[in-house]
Amino acid sequence: MKLPLSLLLVAGLAGSLAVSPASASEPGHKAEGKVEAKAEAASDSKVEINIKPDLAKGKGERKTVAKAEVKADNKAEDKTEAKPESKTESRAEQGAEPRQPVSMGELRDMIEHKISEVRANRAPAPVVRLQTKGGTKGGASRQVAKSAEAMAKPHAGGHWEYEGPNGPAHWHELNPEFKQCGLGQRQSPIDIRDGIPVELDPIQFEYKLSAFRVIDNGHTVQVNVEPGNRIMVNGRRYELVQFHFHRPSEERLNGRQFDMVVHLVHKDLEGKLAVIAVLIEEGKSHPIVQQVWNNLPLEKNTEQAGLQGIDLQQLLPEDRRYVTYMGSLTTPPCTEGVLWMVMKKPVGVSAQQISIFSRLHPMNARPVQPIGDRLIKDGQ
Ligand SMILES: [Zn+2]
């Protein structure tokens with residue numbers, strides 16, 4: 001039987017279920033929330049969904065994540081856990097007339113509809129479980145919303161790699177935040193070819209001897225550099241944040257892939273990214289690369305500070321002509337709007353230096369992406 005239903009939101013559902021991406025990405029920012037749903041099938045059938053966000057304010061943390069747990073015997077979609085056993089707290093004792101409950105399916109639909117509204121705005125969405133306990137004799141069912149670990153899960157599940165089921169072809173499926181990796185139209189790396197030959201504004205390097213810390217983050221060897229290293233290009237100033245390595249090179253020049261590449265990642269005051277790629281081919285030992293390898297930390301995800309400063313001018317080729325195009329980060333979340341400048345001349349590192357990196361990361365290059373209608377400028 002189809003029941004007329006009106007949905008009363010006793011508390012602002014959208015508001016209390018809203019999940020800020022920031023808190024979603026930080027497991028520390030959790031909050032308990034409570035959803036009560038009351039289904040009544042009296043003449044004026046109505047359903048109440050009661051969301052009581054429990055905004056704990058202890059420890060001064062902003063807790064905004066409401067957790068919804070609504071259990072039902074419906075099939076579980078990826079984020080929905082179903083619990084077959086259910087409990088109903090009858091409201092008959094409150095003097096209610098005998099009532100027929102709204103079917104759990106309908107209730108679930110309503111809640112999922114609401115959740116999908118929230119999800120449309122903010123991702124990831126909270127886990128929703130429909131919990132019906134026992135029969136429905138009193139007619140009222142009650143859902144207690146509890147936070148599932150949904151907020152943390154997309155990240156835990158967002159573990160990405162360079163091969164296998166979590167490899168580049170699947171990055172966009174691993175986390176809602178990674179969807180650009182699959183949908184983006186201006187992705188990196190690319191096979192750089194058919195650029196238009198032009199005179200490009202030379203990149204002005206304002207690099208200086210700098211303190212640095214080396215970290216193996218599981219995807220690459222990265223060097224975090226102290227502030228003060230800048231580039232000026234096209235009238236914009238960017239600050240070097242870090243540099244890291246790929247093997248083999250991610251970008252290709254007219255189809256040619258190099259032994260390695262170093263990416264120098266810069267950011268301007270507005271947060272815009274500019275990456276300089278220096279291609280690496282086997283040759284003589286490179287003092288800067290050696291300095292980085294000498295300071296490799298023994299354990300992953302721990303930083304080791306270099307004893308002496310690093311002079312990044314030495315990492316650049318003498319001939320600093322470059323090719324430029326707009327692309328993306330080459331790792332999740334594959335954010336676009338990145339200004340790429342790829343040095344046309346490679347620098348040399350020794351076979352032994354390459355083999356040291358390959359013991360840590362045998363292959364950490366994303367495949368080349370379609371160029372599409374992007375313009376490539378080739379500095380002469
Ligand atoms: Zn990179």
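Biologist: What pLDDT does the protein chain average, and what percentage of the residues score at least 70?

Modeller: This is a predicted model. The protein chain averages a pLDDT of 73, and 59% of the residues score at least 70. Over residues 1–102 the pLDDT is below 50, although this stretch has 231 contacts in the model beyond near neighbours in sequence. Residues 113–156 also have a pLDDT below 50, with 138 contacts beyond near neighbours in sequence. Where pLDDT is low, the predicted coordinates should not be read in detail.

Biologist: How many helices and strands does the protein chain have?

Modeller: The protein chain has 8 helices and 19 strands. Of its 380 residues, 48% are buried. Among contacts between residues at least 6 apart in sequence, 70% join residues at least 24 apart.

Biologist: Let us turn to one helix. Which residues of helix 7 are buried, and which elements do they pack against?

Modeller: Helix 7 covers residues 287–294, and its buried residues are Ile288, Val289, Gln291, Val292 and Trp293. These buried residues pack against strand 7, strand 8, strand 10, strand 13, strand 18 and helix 8.

Biologist: Now to the loops. Where does aspartate 268 lie, and is aspartate 268 buried or exposed?

Modeller: Aspartate 268 is in the loop between strand 13 (260–267) and strand 14 (273–282). Its relative accessible area is 8%, and therefore it counts as buried, the cut-off being under 20%. A polar atom of its side chain lies 2.8 Å from the backbone nitrogen of lysine 272. Leaving out residues up to four places away in sequence, aspartate 268 touches Arg236, Arg237 and Tyr238.

Biologist: Which backbone atoms does the side chain of asparagine 364 approach?

Modeller: Asparagine 364 belongs to the loop between helix 8 and strand 19 (377–379). This residue counts as buried because its relative accessibility is 1%. A polar atom of its side chain lies 3.1 Å from the backbone oxygen of phenylalanine 245. The side chain of asparagine 364 also reaches the backbone nitrogen of arginine 247 at 2.6 Å. Beyond neighbours within four places in sequence, the residues in contact with asparagine 364 include Tyr162, His219, Glu250 and Phe357.

Biologist: Which residues is asparagine 166 in contact with, leaving aside neighbours within four places in sequence?

Modeller: Asparagine 166 lies in the loop between helix 4 (153–156) and helix 5 (171–174). With those neighbours left aside, it is in contact with His159, Trp160, Glu161, Trp171 and Leu174. For histidine 159, the backbone oxygen lies 3.0 Å from a polar atom of the side chain of asparagine 166.

Biologist: What is the phi of aspartate 194, and what is the phi of asparagine 301?

Modeller: Aspartate 194 has a positive phi of about 60°, although it is not a glycine. This aspartate lies in the loop between strand 4 and strand 5 (196–198), and its relative accessibility is 71%, so it counts as exposed. For asparagine 301, phi is near 60°, again a positive value in a residue other than glycine. Asparagine 301 is found in the loop between helix 7 and strand 15 (304–305), and it counts as exposed because its relative accessibility is 53%.

Terms used: Residues are numbered from 1 along each chain as its sequence is written. This is a predicted model: local features need pLDDT of at least 70, side-chain atom pairs count only at pLDDT 80 or more; totals for chains, interfaces and linings use all residues. Side-chain values use heavy atoms; hydrogens and water are left out. Helices (H or I, at least four residues) and strands (E, at least two) are DSSP runs, numbered from the N terminus. Buried means under 20% relative accessible area, exposed over 50%, partly exposed in between (1.4 Å probe, protein chains only). A polar contact is a pair of N or O atoms within 3.5 Å; within protein, one must be able to donate a hydrogen and the other to accept it, and residues adjacent in sequence count only if both atoms are side-chain atoms. Contact means heavy atoms within 4.5 Å. pLDDT is the predictor's confidence in each residue, from 0 to 100.
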